Amino acid sequence: MQKEKNNLEGNSKNKQREIDKLAGQKSKLEAENERLTAQLKSYMKNYAQAARKNKELEHEVISIPKKFSEIARQNKRLIRETAEMHYNLGVFYTKNKEYGRAVAEFEKVVEITPDDSYAHFNLGYIYAEYLVNRLKAVEHFRHFLRLAKSDDKDVDWVKKYLITWETYEGKKPMQ
């Protein structure tokens, strides 16, 4: 019996060591669990913030094209208004016989809106009648004819001007 008692005491000590070892592992695991739980809470908080930020960005992605189209619309309006302002200044300078300044303003109109037929007409007219630069007059009158409507009242005058000067300079035989 003594032998068995000693055997049981040895087993008991071994089991106690195992229990102590397992208790140490348990406390380590509990500490790891607390750390991981805190980390999980932090991740969940970051995820919630990221989800909110994502919603904001999605809204922004939807609204940006609308903003760009509005800016483009305003830009077109400003370009049109700027061209009109330069056109009106050109008319003003023409009426005040400041042809150099008028040409500069009409050139700005043509630069901003190359398809403005009347800016080309006015440039051609100033070059033809006041500055006597027939090459430039013809160039702008040709642009005018390409852009003008066929029922425009000035088309006939421009055609007569072009025919007169082409015939006069002998470039084209009279028809």
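Visitor: What makes Arg35 and Glu32 about one turn of the helix apart?
Guide: Both lie in helix 1, and three residues separate them. This is a predicted model, by the way.

Visitor: Why is the meeting of Arg35 and Glu32 called a salt bridge?
Guide: Their side chains come to 2.6 Å, N to O. The cut-off is within 4 Å, so the pair qualifies. The structure holds six salt bridges.

Visitor: How do you know that Lys26 and Glu30 form a salt bridge too?
Guide: The N to O distance is 3.9 Å. The limit is within 4 Å, so this pair counts. Lys26 and Glu30 are four residues apart in helix 1, so about one helical turn separates them.

Visitor: Why is Lys26 called exposed, and Glu30 partly exposed?
Guide: Lys26 has 51% relative accessibility. Exposed means over 50%, so Lys26 is exposed. Glu30 has 43%. That value falls between 20% and 50%, so Glu30 is partly exposed.

Visitor: What makes Arg101 and Glu98 a salt bridge?
Guide: Their side chains meet at 3.0 Å, N to O. Within 4 Å is required, so they pass.

Visitor: Why are helix 1 and helix 2 called roughly antiparallel?
Guide: They pack at an angle of about 160 degrees, with their axes 8 Å apart. Angles over 145 degrees count as roughly antiparallel, so helix 1 is roughly antiparallel to helix 2. Their crossing is left-handed.

Visitor: Which residues make the contact?
Guide: Among them are Ile79, Tyr87 and Leu89 of helix 1, and Phe106, Val109 and Ile112 of helix 2. The contact residues divide into eleven nonpolar, four polar and three charged.

How values were computed: Residues are numbered from 1 along each chain as its sequence is written. This is a predicted model: local features need pLDDT of at least 70, side-chain atom pairs count only at pLDDT 80 or more; totals for chains, interfaces and linings use all residues. Side-chain values use heavy atoms; hydrogens and water are left out. Axes are lines fitted to C-alpha atoms, for helices over the stretch in contact, and angles run from 0 to 180 degrees between N-to-C directions. Helices (H or I, at least four residues) and strands (E, at least two) are DSSP runs, numbered from the N terminus. Angles under 35 degrees count as roughly parallel, over 145 as roughly antiparallel, 65 to 115 as roughly perpendicular and the rest as oblique. A crossing is left-handed if the near helix is turned anticlockwise from the far one by less than a right angle, and right-handed if clockwise. Contact means heavy atoms within 4.5 Å. Ala, Val, Leu, Ile, Met, Phe, Trp, Tyr, Cys and Pro count as nonpolar, Asp, Glu, Lys and Arg as charged, and the others, Gly among them, as polar. Buried means under 20% relative accessible area, exposed over 50%, partly exposed in between (1.4 Å probe, protein chains only).
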